[in-house]
Amino acid sequence: MVIIMKVGASEAELAAVLRAVESSGFRPFINPGVERKVVAVLGEVDIDKVELVDQFGNMAGVERVQLISEPFKLSSKTYHPGPFEVNVGRVAIGGPEVVVIAGPCSVETEDQVLATARAVKEQGARLLRGGAFKPRTSPRSFQGLGERGLKLLAMAREATGLPVVTEVMDGHDLDVGCRYADMPQIGARNMQNFALLRWVGQTEQPVLLKRGPGSRVRDLLMAAEYILAEGNSQVVLCERGITTFEDAARYTTDINAVPILKGLTHLPVILDPSHATGNWAWVKPIALAGIAAGADGLIVEVHPDPQHARSDGKQSLKPDKFADLMRGVSRVARAVDREFSPVSVANG
Ligand code: PEP
Ligand code: MN
């Protein structure tokens, strides 16, 4: 249930509403809103909801009370009508601009991460990605450089000014990661690691939350709900391909999820065409489809020498292919009335 306050409702009216919510045994969450305040009423409802709707609806300063039938409340658009952006450094995700995050799957060497960071920045990427803690199917595969990798990412940020996105898999990674990076990423395999979701929810870092390959859209929203319920509102969702019977590609891009999520939640939605396809040759067309479908941005793997990458080389773009992708993004973004920062602005 959400209580939508009138435009210009007073602080005293809002305080009275919050008291009433608490004394009914619920937890109020306030969305300060640009125009009007909205109060989400959270908790198990075991008394007659209709009674509560009347009780709260008749209070001074309340415009209306709306029941939200879905289990996701704080991530629902009803709770947060109007524009919403997640800020990573000076980069806003979810606004008019299509934001591209790019970089290697894994941080490998200083030269590799610096060369990639410089190349993607030159083409208009706004954030740098790179994994230092890698979730690998086999324990014998490269597990990432750990803190040394984070130091290299921080060095690349120093050199380029690009804020850094990096995956964390547990509380330790999160502690160390937050010292060096700007945006922790919860990877697909950890989408329902509820302890981890709570931990990132207790930080003030913007979070990139990827959809699990076997998870439904509503499961992704409930995972976001865990982060929001801890008080961190800065969550970006990412569609990165799901498992289906089709095995011609690594995963199947659920392009439907983009407009579906945009309709259900105020949280920004981006697409990862690299993991979704698993093959560099399909990255551009699927990335452009994502932008056309309304994604707020992309996260793309780029490597100067994909053949020798220590992870995900097959799906990584060389810098010249990334440049070609960015030309396409610029055209498609304009066609769907989005902004895309031209190279000259990104370099400024
Ligand atoms: C990654 O971003 O390198 C990654 C492992 O992604 P996902 O969690 O989507 O598989
Ligand atoms: Mn990868």
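Tutor: What follows goes from the metal to the ligand beside it and then to the strands and helices around them.

The model is predicted, so local features need pLDDT of at least 70 and side-chain atom pairs count only at pLDDT 80 or more, whereas totals for chains, interfaces and linings use all residues. Residues are numbered from 1 along each chain as its sequence is written, chains are lettered from A and ligands numbered from 1 in the order in which they are written, and side-chain values use heavy atoms, with hydrogens and water left out.

The manganese ion (ligand 2) is held by C105 through SG, H275 through NE2, E301 through OE and D312 through OD, at 2.1 to 2.4 Å; donors here are N, O and S atoms within 2.8 Å of the metal (3.2 Å for Na, K and Ca), and since water is not among the atoms, sites may look incomplete. Along the sequence these donor residues follow the spacing C-x169-H-x25-E-x10-D. C105 sits in the loop between strand 7 (99-103) and helix 3 (110-122), and D312 in the loop between strand 14 (297-301) and helix 11 (319-335), so this pair ties together parts that are 207 residues apart in sequence. Helices (H or I, at least four residues) and strands (E, at least two) are DSSP runs numbered from the N terminus. C105 and D312 are both buried, a term for under 20% relative accessible area, with exposed meaning over 50% and partly exposed in between (1.4 Å probe, protein chains only).

Ligand 1 is surrounded by residues that include C105, H275 and E301, and also R129, E167, A188, R189 and K210, a residue being counted if one of its heavy atoms lies within 4 Å. An oxygen atom of ligand 1 lies 2.7 Å from a backbone N or O atom of A188. A side-chain N or O atom of R189 is 3.0 Å from an oxygen atom of ligand 1, and a polar side-chain atom of K210 is 2.9 Å from an oxygen atom of ligand 1.

Strand 7 and strand 14 pair in the parallel sense over five bridges, and E301, in strand 14, is the bridge partner of G103.

Key:
Polar contact = N/O pair within 3.5 Å; in protein donor to acceptor, adjacent residues only side chain to side chain. Pairing = 2+ DSSP bridges.
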